[in-house]
Amino acid sequence: MSWEVRTMRSGTSFFNGTLYRKAFFRFWPIWALYGTMWLLILPLRFLTEAMRGSVRSDLTDTEYLLQMAKDIPDMLSFGLLTALVAGVVCAMAVFSYLYSSRSACMMHALPARREALFVSHYLAGLSFLLLPHLAVYALTVAVEAALGCLELVPLTTWLLTQSGVCLFFYSFAVFCAMFTGHILALPAFYLILNFLAAAITYLLESIAREFLFGFNGAEWAEKWAMWFTPALKLLRATGLDYMSGTPRYCGLGLVVLYALIGLVLA
């Protein structure tokens, strides 16, 4: 007689769909407001301008809308600021359970690996940003096609760049969330670490100008500090270049680099 007890093999899962859906729908106002903001800025703006007609006498309505479509990447400076704020807001929301002993004990008592808890909540917060981008992109393509001003290259550039900077700032905020013990400390550390290098460099240069005769600044230090201040680096090194006659977005490679850094931080 065999006394062996057959047991079911347990698989190692790094994702829990229930936790993902719970976090995604629990904090729906965040992605709803974020998506509505871009909905007003992109597709609804095209519809409004089309109904109002061209405000420039030297352009027809179609030419004016085409120019708007080509200039879409120009609003990425605004998108960078929204990514800086939205990234930390999403991280605070999905990882808020870590800052209450009751909720933290409850979540970690669930039959799920801690890797699954982290990945599920991380992807839920990232979905708050990326899914509205995809929805707005699809709606804008439909609106531009209906108005006869479809320009896929600028619009795709906006999608990739905005998603890339959101990936970096959100991952950086999650990185900060992992070593802070209070939910209000998260945005504080997030802002400090984002601008610490530039602030220290500026302070040291100001002191050096007071005590060193003829000192006008250390350019090499400013360049290194700028790399460790991603918000300023992206703001200065990205944008539209009109020198070639047609608008061309510069800095996509830099955005990809910071997006990869965000994945490493995650």
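This is a predicted model: local features need pLDDT of at least 70, side-chain atom pairs count only at pLDDT 80 or more; totals for chains, interfaces and linings use all residues.

Trainee: Why is F189 called partly exposed?
Mentor: The relative accessible area of F189 is 37%, and a residue is buried under 20%, exposed over 50% and partly exposed in between, with a 1.4 Å probe and protein chains only as cover. The value for F189 falls in between, so F189 is partly exposed. F179, with a relative accessible area of 43%, is partly exposed by the rule as well.

Trainee: How many aromatic pairs does the rule give, and what makes the pair of F168 and F169 edge-to-face?
Mentor: The count comes to 19 aromatic pairs, where rings of Phe, Tyr and Trp (its six-membered ring) pair if their centres lie within 6.5 Å, with planes under 30 degrees apart counted as stacked, over 60 as edge-to-face and the rest as tilted. The ring centres of F168 and F169 are 5.1 Å apart and their planes stand at 70 degrees, so this pair is edge-to-face. F168, at 3% relative accessibility, is buried, and F169, with a relative accessible area of 0%, is also buried.

Trainee: Why are F179 and F189 called an edge-to-face pair?
Mentor: The centres of the F179 and F189 rings are 5.6 Å apart and the planes are at 80 degrees, which is over 60, so the pair is edge-to-face. This pair links distant parts of the chain, because F179 lies in the loop between α8 (152-177) and α9 while F189 lies in helix α9, 10 residues apart. One aromatic cluster takes in F168, F169, F172, F175, F179, F189, Y190, W227 and Y258.

Trainee: What makes you say that a charge sits over the ring of W227?
Mentor: The charged end of K233 is 4.3 Å from the centre of the W227 ring and sits over it, the rule being that NZ of Lys or CZ of Arg is within 6 Å of the ring centre and within 35 degrees of the ring normal.

Trainee: Why are E205 and R209 called a salt bridge?
Mentor: Their N to O distance is 3.9 Å, and a salt bridge needs a side-chain nitrogen of Lys or Arg within 4 Å of a carboxyl oxygen of Asp or Glu, so the pair qualifies. E205 and R209 both lie in helix α9, four residues apart, about one turn of the helix. E205, at 7% relative accessibility, is buried, whereas R209, with a relative accessible area of 38%, is partly exposed.

Trainee: How many salt bridges does the rule give?
Mentor: The count comes to three salt bridges. Another is formed by R113 and E115, with the closest N and O atoms 3.1 Å apart, and one more by E219 and K223, at 3.7 Å. E219 and K223 are separated by about one helical turn, because they are four residues apart in helix α10. E219 counts as exposed, because its relative accessible area is 53%, which is over 50%.

Trainee: How many disulfides does the structure hold?
Mentor: The structure holds zero disulfides, a disulfide being a pair of cysteine sulfur atoms within 2.5 Å. C105 is exposed, with a relative accessible area of 56%, while C176, at 0% relative accessibility, is buried.

Technical notes:
Residues are numbered from 1 along each chain as its sequence is written. Side-chain values use heavy atoms; hydrogens and water are left out. Helices (H or I, at least four residues) and strands (E, at least two) are DSSP runs, numbered from the N terminus.
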